[in-house]
Amino acid sequence: MVQVSDREELMVTNEYHLIRTGRFLIAELLKPHRVLSTSTRNGGQTETLRYLVNHQSCEGTDHRERHAHITGIGPESYHDAACREMGLDGNLAAVMGTAANMNYAAIVQHRDGGMLVTAVVTAGVQGNAACAGDPASWRETETGWEKVPTIGGTINTILLVNHSLTEGALARAVVTMTEAKTAALHELAVSSLYSKNLATGTGTDQFCVGAPLDAGQPLTSTSPHAKLGELIGLAVKEATLEALRWQNGLEPSYTRSIFVALGRYGLNEPKFADEIASLMTERELELLKKNLKSVVYEPKVAAAAFAIAAILDRIRFGTLPANAAPDIFRQQVAILAANLAAKPDSWPRFYAQLSEADPDQPVRAVLSAIALGWSSKWK
């Protein structure tokens, strides 16, 4: 039993106690479990662990002192130091670290009959959200890391199943869990910070997945085609969404934004402010600045922006022929202008006026459409 003075018991089952204490969140396993984890020490597959730990190891931005401390003593020594702080035997623990606050941990359970799946997730994506295959910013060699990245975002997942699994099913649970995490990111339109793609995770994501060794005939499948896979997908997706809502303030209504839709194509608030001024009269610009949110979050404007992003994706991926791309793109930015002006019947006029819209310079075209729609709204 974990002995700490500020122990907060979050959940109790026959298989585990879920405890929060300060910067630490601990799943204390009450029965022998088969665990698969990314822990620096005791990672991989093992049947000897008693504690699955997630903890805040640093602040989210520019915590150079903490980074120097962790890298200075080395990851394995840091593992032991963190366990000592919790009063745990480091040999019996899998540990994950993150900049996320443990008070923002999301806990979601799904049940089917006697089958219970629990997902415990902390998540932050504003510092290093990435898509699989993005350009990497560090390389591990036999002598160490050539470059150490800034840790600004991490999705950590503890996944617990109350029934025994085969080794293969335990490994497949990681695939299902990862797909569910990515589905949550796509639902919120989280962009990679390293490419024009939607994010599939962050560069520092970690996990611990556990199932008891002696809890019925081991189940053989955790794929989405099996009911257990469905439970895993639902629990992890919902917990990831909830954790991102608390940590980063991300939720569907706040992602209804032209900056969320087109940020991965270069449209952000600073660039918007810098570049749109030359496209408007001084009075139009003043009025726009005072009413910016009514433009940024306007539903039909946001819808057009997301459509433009999807069109740009299809152009980039080769789905749409290159010779048709300029006109297809021009049609979409004209829709944005018409939606902002609240004058759908004026689309032909906007289409004619946006003749220079170029999918290779999408920000300029979108800003031109916004300027055109805004100046036309009250005329």
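Strand β9, residues 115–123, runs antiparallel to strand β13, residues 155–161, and seven bridges join the two. This is a predicted model, so please hear everything that follows as a description of a prediction.

Six strands make up an open sheet, in the order β5-β4-β15-β13-β9-β8, and the pairing is mixed. At the edges are β5, residues 44–46, and β8, residues 106–112, each of which pairs on one side only. From one strand to the next, the twist averages 10 degrees. Helix α4, residues 227–248, packs on this sheet and touches β8, β9 and β13. The direction of α4 makes about 25 degrees with that of β9.

Next, the helix pair. Two packed helices are described by the angle between their axes and the distance between the axes. For α3, residues 167–187, and α4, the angle is about 40 degrees and the axes are 8 Å apart. That angle makes α3 oblique to α4. The crossing, as α3 passes α4, is right-handed.

Which residues make the contact? On α3 they are A173, T176, M177, A180, K181, A183, A184, L185 and E187. On α4 they are G229, I232, G233, V236, K237, T240, L241 and L244. By type, the residues of this contact divide into ten nonpolar, four polar and three charged.

T176 lies in helix α3, and at 3% relative accessibility it counts as buried. Leaving out residues up to four places away in sequence, T176 touches T222, S223, P224, G229, I232 and G233.

Now to backbone angles. Most residues other than glycine have a negative phi. A189 is not a glycine, yet its phi is positive, about 55 degrees. A189 is in the loop between α3 and β14, the latter being residues 201–202. Is A189 buried or exposed? Its relative accessible area is 13%, so A189 is buried.

A342 is another non-glycine residue with a positive phi, about 60 degrees here. A342 sits in the loop between α10, residues 325–341, and α11, residues 347–353. A342 counts as exposed, because its relative accessibility is 56%.

Strand β1, residues 8–12, pairs with β2 in the antiparallel sense over four bridges. A hairpin of three residues joins β1 to β2. Strand β2 also pairs with β3, residues 24–29, antiparallel again, over six bridges. The hairpin of β2 and β3 has two residues between the strands, and in it G22 takes a positive phi near 60 degrees.

Why is β2, residues 16–21, described as largely enclosed by the rest of the structure? Because six of its six residues are buried. Both faces of β2 are covered. On one side Y16, L18 and R20 are buried, and on the other H17, I19 and T21 are buried as well.

Technical notes: Residues numbered from 1 in each chain as written. Predicted model: local features only at pLDDT ≥ 70, side-chain atom pairs only at ≥ 80, totals over all residues. Heavy atoms only, no water. Pairing = 2+ DSSP bridges. Axes fitted to C-alpha atoms, helices over the stretch in contact; angles between N-to-C directions. Contact = heavy atoms within 4.5 Å. Parallel < 35°, antiparallel > 145°, perpendicular 65-115°, else oblique. Left-handed = near helix turned anticlockwise from the far one by under 90°. Nonpolar A, V, L, I, M, F, W, Y, C, P; charged D, E, K, R; others polar. Buried < 20%, exposed > 50% of the residue type's maximum accessible area, 1.4 Å probe, protein only.
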